[in-house]
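Subject: Structure handover

Hello,

Here is the structure for your files. My notes on it follow below.

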Amino acid sequence: MARNQPDAAMKPSLPNKFLARRLLAALAAALPVALLSLASPAGAAVVISQIYGGGGNNSATYTHDFVELCNNGASDVNLAGWTLQYASATGTNWNSSTALTGSIPAGGFLYVKLASGGAVGAALPGTPAVTNTGVNISGTAGKLALVSNTTALTAACPAPLPSSVQDLVGYGTTANCFEGASRAPAPSNTTAIIRNASCSDSNVNSSDFTVTSTTFAPRSSASPPPPPPPPPAPTAALICAIQGSGATSPLVSQPVITSGVVTKVNGDGFFMQHQDCDGLPATSDGIFVFTGSTNYAAAQPGSSVQVTGTVAEYNPGSASNADTSSRPLSQISSVSAVNATSSMPAVTPVDITLPLAIGDSFERFEGMLVRITSTMTVQQNFFQARFGQLTLGAGGRHETPTNKHPAGSADAIAMAALQARSRLLLDDGSSTQNPNPTPYIGTNGLPRGGDTLPSITGVIDFGLATSNTAGAGLYRIHPTLAPALVASHPRPPAPAAVGGNLRLGAMNVLNYFT
């Protein structure tokens with residue numbers, strides 16, 4: 001089954017999972033600490049982008065101090081009710097507060113005009129959005145916080161940092177509160193400190209800010225927006241390192257370059273594998289590359305390719321009938337390149353015998369080429385004609401556990417768990433409904449429940465066993481070799497004669513109306 005079907009009537013597919021924001025608590029307030037700014041309003045991120053505190057002093061460039069703000073988000077932000085709060089480098093009092101007003105456009109700037117230390121310097125250019133000449137900030141070391149309410153911060157470095165704090169900058173050698181590993185550098189009477197050209201925030205003051213040259217000025221809404229930050233460079237990583245030993249990838253959301261041998265091509269991507277990637281059984285050596293509607297000529301079964309893309313977790317739906325309650329699938333998406341690379345060792349299928357041992361899972365085989373050596377029995381074929389799926393299980397026909405044991409009993413639970421470790425979905429890897437011809441039809445027609453497969457070779461995946469996104473999930477196998485179904489008990493050509501003089505007629509009234 002392909003992974004990109006937006007139509008609910010088709011085989012289900014949910015959007016890939018993307019990034020989750022992390023919140024880190026501050027260390028003890030008595031020590032110089034590194035604080036990460038918390039999440040900005042949805043769709044926007046307003047940050048402090050320039051600080052000048054030498055206004056009016058000896059040799060000053062300008063007569064007044066100023067603080068500049070930048071909106072590096074995608075939508076305008078109304079600053080009504082926000083405050084710009086200042087404290088001395090080692091002070092505990094943040095009452096030097098400036099109420100902000102107006103709106104800052106997406107990609108735009110505004111600046112706040114503050115106090116003057118004298119008459120030296122030129123007038124600030126442009127028009128400040130806010131003026132508060134009652135706040136005098138240090139020209140060499142201090143602390144500034146951008147807060148989305150009017151509540152004054154307490155303590156030298158509040159811990160934990162309130163969620164209202166949108167950005168915090170500690171500058172100069174003596175500031176005792178700052179983001180990241182170290183403080184922003186110290187400005188002077190003739191220099192300011194300015195954030196990087198794209199206004200991005202790495203949550204490390206020392207990395208984000210530099211001292212300006214002698215030519216600098218506050219920017220306003222009329223200033224051109226900052227250029228977008230350059231995309232992060234992809235990291236070279238083996239497939240097994242991308243998969244990791246847990247349920248989700250340790251490299252999720254990171255751009256990567258990785259190589260492998262293509263084992264299976266599906267409608268919206270392909271599987272690839274690195275033979276004996278790290279030799280560890282807990283980490284999968286295979287992965288799915290989601291390409292959507294883009295076809296890459298280099299991605300042919302058996303070819304060696306190098307892929308550049310971003311690691312993501314795909315959520316195909318619930319897993320109520322599998323061995324865990326959820327089953328995200330690690331994959332490479334946002335693919336920018338698939339190129340042929342030097343020949344890599346051919347991939348040999350890993351032999352698997354079912355049922356899996358207690359505590360084991362198909363997770364460690366996710367995306368890998370395997371050979372199921374156990375005889376598998378067709379459990380049901382209800383979705384074969386519409387979705388190209390057959391439910392298979394080892395150990396013969398799977399009886400409903402509560403047919404044999406009381407519901408909720410230890411025996412019923414154990415039987416259900418055994419069947420979950422024995423079951424796979426045979427999937428044709430296509431999003432097409434009602435495929436023609438119907439997959440897996442034998443010479444004697446559709447397989448019947450109880451028909452068998454001596455072995456199956458294919459790639460392990462996970463997905464829903466029905467067209468309902470809330471249905472039970474199963475690990476599935478996309479065959480790379482045509483399955484050889486065996487008719488274990490073929491349908492008799494006619495019912496056996498039983499004698500008598502009665503006949504029974506039946507009709508499927510579900511199909512009565514056309």
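**A buried alanine**

Ala 175 is buried, with a relative accessible area of 0% (buried means under 20%, exposed over 50%, partly exposed in between, with a 1.4 Å probe and protein chains only). This is a predicted model, in which local features need pLDDT of at least 70 and side-chain atom pairs count only at pLDDT 80 or more, while totals for chains, interfaces and linings use all residues. Residues are numbered from 1 along each chain as its sequence is written, and side-chain values use heavy atoms, with hydrogens and water left out.

Ala 175 sits in the loop between β12 and β13 (177–178); helices (H or I, at least four residues) and strands (E, at least two) are DSSP runs, numbered from the N terminus. Leaving out residues up to four places away in sequence, Ala 175 touches Ala 89, Gly 142, Lys 143, Gly 170 and Arg 183, where contact means heavy atoms within 4.5 Å. The C-alpha atoms of Ala 175 and Ala 156 are separated by 9.6 Å, the two residues being 19 apart along the chain.

**The chain as a whole**

The protein chain has five helices and 29 strands. Of its 514 residues, 48% are buried. Among contacts between residues at least 6 apart in sequence, 69% join residues at least 24 apart.

**Nonpolar cores**

A nonpolar core here is a set of buried Ala, Val, Leu, Ile, Met, Phe, Trp, Tyr and Cys residues joined through side-chain atoms within 4.5 Å. The largest has 25 residues, of which Ile 48, Leu 69 and Leu 100 touch the most other members. Two or more residues come from each of β3 (46–52), β4, β6 (83–88), β9, β11 (142–147) and β12 (165–171). β3 gives the most to this core, with three residues. Beyond its neighbours within four places in sequence, Ile 48 has contacts that include Val 67, Leu 84, Leu 144, Val 169 and Phe 209. A second, separate core of 24 residues includes Ile 352, Leu 354, Ile 372 and Tyr 475.

**Aromatic pairs**

The whole structure holds 12 aromatic pairs. Rings of Phe, Tyr and Trp (its six-membered ring) pair if their centres lie within 6.5 Å; planes under 30 degrees apart count as stacked, over 60 as edge-to-face and the rest as tilted. Phe 66 and Tyr 111 have ring centres 6.1 Å apart and planes at 70°, so this pair is edge-to-face. Phe 66 lies in strand β4 (residues 66–71) and Tyr 111 in strand β9 (residues 109–113), so the pair ties together parts that are 45 residues apart in sequence. Phe 66 is buried at 0% relative accessibility, and Tyr 111 is buried at 1%.

In helix α5 (residues 410–420), the buried residues are Ala 412, Met 415, Gln 419 and Ala 420. Seen down the axis of α5, they fall within an arc of 140°, so they line one face of the helix (the arc is that of the directions from the helix axis to the C-beta atoms). Ala 410 and Ile 413, on the other side of α5, are exposed. The cover over the buried residues includes α4 (401–404) and β26 (423–427).

Asp 427 is in strand β26 and is buried at 0% relative accessibility. Its side chain makes a polar contact of 2.8 Å with that of Gln 389 (a pair of N or O atoms within 3.5 Å; within protein, one must be able to donate a hydrogen and the other to accept it, and residues adjacent in sequence count only if both atoms are side-chain atoms).

Regards
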